[in-house]
Amino acid sequence: MSDGRIHEHQGRKDRRNQLEVTGDLTIKDITKPVTLTVDVTTFGEHPMAKKEAAGFAVSTVLKRSDFGMDMYVPYVGDEVTVTFHAEALKSDATN
């Protein structure tokens, strides 16, 4: 989804290692609210960067038709599970 983006997010912690992040997702100039499930998969010192780091597995389920991609629905599934993994390192900034 090279033309997709999420903005105006807010987070809520549901359990110890899981967060829900809500915001607006824009794909093909159509904006819809989404909720991402964020599992914190790891937290600790990064083995190469030697900084605090966190790993995340992020997922949500979208309907293609909500974003104008409805060709062949219902013959081809409308629901798509979007999953990605991310890593964040603690900044050196002292702000």
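Asp29 is exposed, with a relative accessible area of 73%, where exposed denotes over 50% relative accessible area, buried under 20% and partly exposed the range in between (1.4 Å probe, protein chains only). The model is predicted, so that local features require pLDDT of at least 70 and side-chain atom pairs count only at pLDDT 80 or more, whereas totals for chains, interfaces and linings use all residues. Residues are numbered from 1 along each chain as its sequence is written, and side-chain values use heavy atoms, with hydrogens and water left out.

Asp29 is placed in the loop between strand 2 and strand 3, and its phi is near 65°, a positive value in a residue other than glycine. A positive phi is also found at Lys50, near 55°. Lys50 belongs to the loop between strand 3 and strand 4 and is exposed, at 53% relative accessible area. A further backbone feature is the cis peptide bond between Val73 and Pro74, with omega of about 10°; Pro74 is located in the loop between strand 4 and strand 5. Most residues other than glycine have a negative phi, and most peptide bonds are trans.

The protein comprises zero helices and five strands, in the order β-β-β-β-β from the N terminus. Helices (H or I, at least four residues) and strands (E, at least two) are DSSP runs, numbered from the N terminus. Of the 95 residues, 22% count as buried. The protein exposes about 7,100 Å², of which carbon and sulfur atoms supply 51%; accessible areas come from the Shrake-Rupley method with a 1.4 Å probe, and for residues only the protein chains shown count as cover. Among contacts (heavy atoms within 4.5 Å) between residues at least 6 apart in sequence, 32% join residues at least 24 apart.

The largest nonpolar core consists of six residues, namely Leu25, Ile27, Val34, Leu62, Phe67 and Val82. Such a core is a set of buried Ala, Val, Leu, Ile, Met, Phe, Trp, Tyr and Cys residues joined through side-chain atoms within 4.5 Å. In soluble globular proteins, nonpolar side chains tend to be buried together. When residues up to four places away in sequence are not counted, Val34 touches Val21, Thr22, Gly23, Leu25 and Leu62. Thr35, in strand 3, is partly exposed at 35% relative accessibility. Leaving aside neighbours within four places in sequence, Thr35 is in contact with Glu20, Val21, Thr22, Ser59 and Thr60. The C-alpha atoms of Thr35 and Val61 are 8.8 Å apart, with the two residues 26 apart in sequence.

On the surface, Met71, Tyr72, Tyr75 and Val76 form a nonpolar patch with about 540 Å² of accessible area together. Patches are made of residues with over 30% relative accessible area and no salt bridge, like charges being joined within 9 Å and nonpolar side chains (Val, Leu, Ile, Met, Phe, Trp, Tyr) within 5 Å. Val76 is situated in the loop between strand 4 (52-63) and strand 5 (79-89).

Two salt bridges are found in a search of the whole structure, each defined as a side-chain nitrogen of Lys or Arg within 4 Å of a carboxyl oxygen of Asp or Glu. Lys51 is partly exposed at 28% relative accessibility, whereas Asp92 is exposed at 60%. The side chains of Glu52 and Lys90 meet in a salt bridge at 3.6 Å, N to O. Here Glu52 of strand 4 is linked to Lys90 in the segment after strand 5, 38 residues apart. Glu52 is partly exposed, at 40% relative accessibility. Side chains of opposite charge can pair when their charged atoms come close.

Polar contacts were also identified between side chains. A polar contact is a pair of N or O atoms within 3.5 Å; within protein, one must be able to donate a hydrogen and the other to accept it, and residues adjacent in sequence count only if both atoms are side-chain atoms. Gln18, in strand 2 (residues 18-27), is buried at 18% relative accessible area, and its side chain forms a polar contact of 2.8 Å with that of Asp39. His46, in the loop between strand 3 and strand 4, is buried at 12% relative accessible area. A polar contact of 3.4 Å joins the side chains of His46 and Glu87.
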